[in-house]
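Colleague: Before I rely on this model, I would like each term set against its definition. Could you take me through it?

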Amino acid sequence: MNEIKCECGHINPEGTVLCQSCGKPVEGNQHIDGNDEQQLLNMRYDGTARRSQTYNRTVVDKIWNFFSSVKVGVWLIVITVIASGIGTIFPQEMYIPSTVDPATHYRDQFGILGQIYYQLGFHNLYSSWWYMILIAMIGISIVIASIDRFFPLYKVLKKQKPKRHEAFMKKQRVFGTTESSEVDITRFKQNLKNQRFKIFEQDGHILAEKNRFARWGPYVNHIGLIVFLIGALLRFVPAFYIDEFVWVREGETAVVSGTDGQYYIENKDFILETYDENDERFKEAIQKQGGPIPKNFQTDAVIYKRVGEPIPGAEPELEKVKEDSAKMNQPIKFGQFALYQASYQLNEFKEMTFKIHDKDNEDTNYGEFTVDLTDPETEYELDNGYRVEVENYFPEYELNDGEPTSVSKFPKNPAFVFSLYPPGDAQPETSFLGIGANIDASGDNQYKLGLVSFDVRDVTGLTVKKDYTLPIIALGGAIFMIGVIQGMYWNHRRIWLQPKSNGVWIAGHTNKNWFALRREIGKSIEGTHIEEPVDQHEMKS
Amino acid sequence: MKESTFKKKRKRLVFRTAMLVVMAGLVVFAVFSSLKGDDAVIAKGEDAPNFQLNKFKNDETVTLKGLEGKGVMLNFWATYCEPCKDEMPYMNELYSKYKEQGVEILAVNLDATDIVVEKFLKEYEITFPVLRDKQGQVMDLYNIGPIPTSIFINPEGEIVEQVQGALTLSKLEGYLQQITPE
């Protein structure tokens, strides 16, 4: 390693642009910050050696340097932004109907572009491996770029000496010379102190500095981003994050998904309330809407905890935990979990009551029976000697190639084949009953079964949430904001004063808000006979 | 001077390598976790998770653990599933032959009502044991998507094969042979 010894005696690491101690431009390294083509010095990182740009020997160094580059970081962000944008052109897979095959859906709905979209994997963009790797690379780039810049900058600001090289002074953006023997240094220092500058002195050379901590703003900000990313990463760990869904029918008890069979929920009642149409206040809005407007979705539920070791499938022994209601934004909370009201289905058939009557006279009634659609019996005995056998039951009836079948286990369109046994030894009469269908199998039945009434129940859909990542993400956001504020509302300002045989030189530097720096210099030189320095950058343009 | 420079360089290399390894580890973890979430099948070669279910119309409970040493075919089905109806007769045909050789067929039914299952079993004259999974817990445990899905478990309790869709007679026999104890 070639160290660079400056004429001031300080030894700088390889790659240094400006001496860490006196600021003298190091010969042969000026191209690194582009100083060779400029009149003024580029004060980025105070001309310190960024390690990334100096060591490039092993593979590890090469990878490190790749991620350290701001240029690479910017490109990674640009690529991610473009990809994220493309992901919003067509709906993501989770937003297309779950019943369709995505392979054909995108082509059918959006044509050839949709097909390309699907085949390139944009339909599942935000969880695709390459998108995640892009985000991860941004994260790595943030970490490495910060490490590579923070430590050298911290060191150089710590090592800086008030005594600066002439070339450094001359090449500052704010610079001025004064030829006078009456310069009042004591007054100058007092003026600076009044403006809360910290003063460092060395052989009559003065460095006045304030708000150095503003320079750490971007790094604090990056730490916040990293904490945020780690929080997002922890969402993959079930111990930190669970997002599941559970459907429960009124009167039924179901396992709460995502809890490893630990918790059960019983749906006592699902309530859907709408705004009163007769209320003067809502009348107009309801008419505009053209239908009732929901006011409240609510599930009254009982939460149970399983006693003992869970074996999936085995009848659980349950212990009541609590009875509570889940409403919009008011979840039922138990253990580490919260159940949010998220969806519902109204009026699923629960019970149907039939009566036996004469085929030609609906007013006769030979008895009634009620079928529980969740568990129909095979046979119903009526008081007066009539007997009905359930030959077949189709919860969701459909005709398939002339054969009656059921397409699901849910009683959405129930249909039955009944055999009616009249009292005595009479032959059974078979008929088919469904919604809007009542078919006499033989054609010469004497009796007929008719639907008298039915009972419905609702199904509630609840989101099961466990989220310990939110505090981490919030912490990351807070740190991020602190970093932004730190770097935004404070500016790092430095003023150098160099005694000359007859008079002084003065130079100033800030990372932003040059106008304010010049105003502060103006105030500092009041009554000191120091001439106001000029902004060499403005003069040039 | 030389000595300290060398040390510094070495320290730097160690630090950089450690940072890169940690970050690469996090990335691998994230990508792996997200891909695993998409995968709706239980992996071949893994141990089949234990469960306990009741036999249909019978209070006799069956646990997978209790069948260790036997080959087990788990068939997830329902009466409303058309392809299930096609493969049921094949299972019926091969059941008694393979039962003698130490293979158990367990048909896990996912229907809601007993009556439809009863009618079905009568119509198809099913001889092998049918288990009821009304809550769908075992179905969730095995990440079953579309039915029918069959899982073949060897006498050591490892999953040998998972098959989605109806089986043909010859395929079924092939899989059953794979899990027959020696």
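**Strands, sheets and chains**

Modeller: Let me begin in β17(A), where the bridge partner of Glu398(A) is Thr405(A). This is a predicted model, in which local features need pLDDT of at least 70 and side-chain atom pairs count only at pLDDT 80 or more, while totals for chains, interfaces and linings use all residues. Residues are numbered from 1 along each chain as its sequence is written, and chains are lettered from A and ligands numbered from 1 in the order in which they are written.

Colleague: What makes β16 and β17 of chain A a pair of strands?

Modeller: Strands are DSSP runs of E with at least two residues, just as helices are runs of H or I with at least four, numbered from the N terminus. Two strands pair if DSSP finds at least two bridges between them; β16 (residues 397–400) and β17 (residues 403–406) of chain A are joined by 4 bridges and run antiparallel, so they pair. Their hairpin has 2 residues between the strands, and there Asp401(A) takes a positive phi near 55 degrees.

Colleague: Why are β4 and β24 of chain A called edge strands?

Modeller: The open, antiparallel sheet has 6 strands in the order β4-β5-β22-β23-β3-β24 (chain A). β4 (198–202) and β24 (534–535) of chain A each have a single partner strand, so one side of each is left without a neighbour in the sheet. Helix α6 (residues 185–194) of chain A packs on this sheet, touching β4, β5 (205–210) and β22 of chain A, and its direction makes about 150 degrees with that of β4(A). Such angles run from 0 to 180 degrees between N-to-C directions, with axes fitted as lines to C-alpha atoms, for helices over the stretch in contact.

Colleague: How do you know that β22 and β23 of chain A pair?

Modeller: Strand β22 (residues 493–500) and strand β23 (residues 503–510) of chain A share 8 bridges in the antiparallel sense, and Lys500(A) stands opposite Gly503(A) in β23(A).

Colleague: Which strands make up the sheet of 5 strands in chain A, and how are neighbours turned?

Modeller: β14 (379–381) and β20 (437–440) of chain A are its edge strands, each pairing on one side only. Neighbouring strands of this sheet are turned by 20 degrees against each other on average, direction ignored. Within it, 6 bridges join β18 (residues 415–421) to β19 (residues 429–434) of chain A, with Ser431(A) of β19(A) as the bridge partner of Phe418(A).

Colleague: What confidence does the predictor give the complex and chain B?

Modeller: The complex has an ipTM of 0.72 and a pTM of 0.73.

Technical notes
Two residues are in contact if their C-beta atoms, placed from the backbone, lie within 7 Å.
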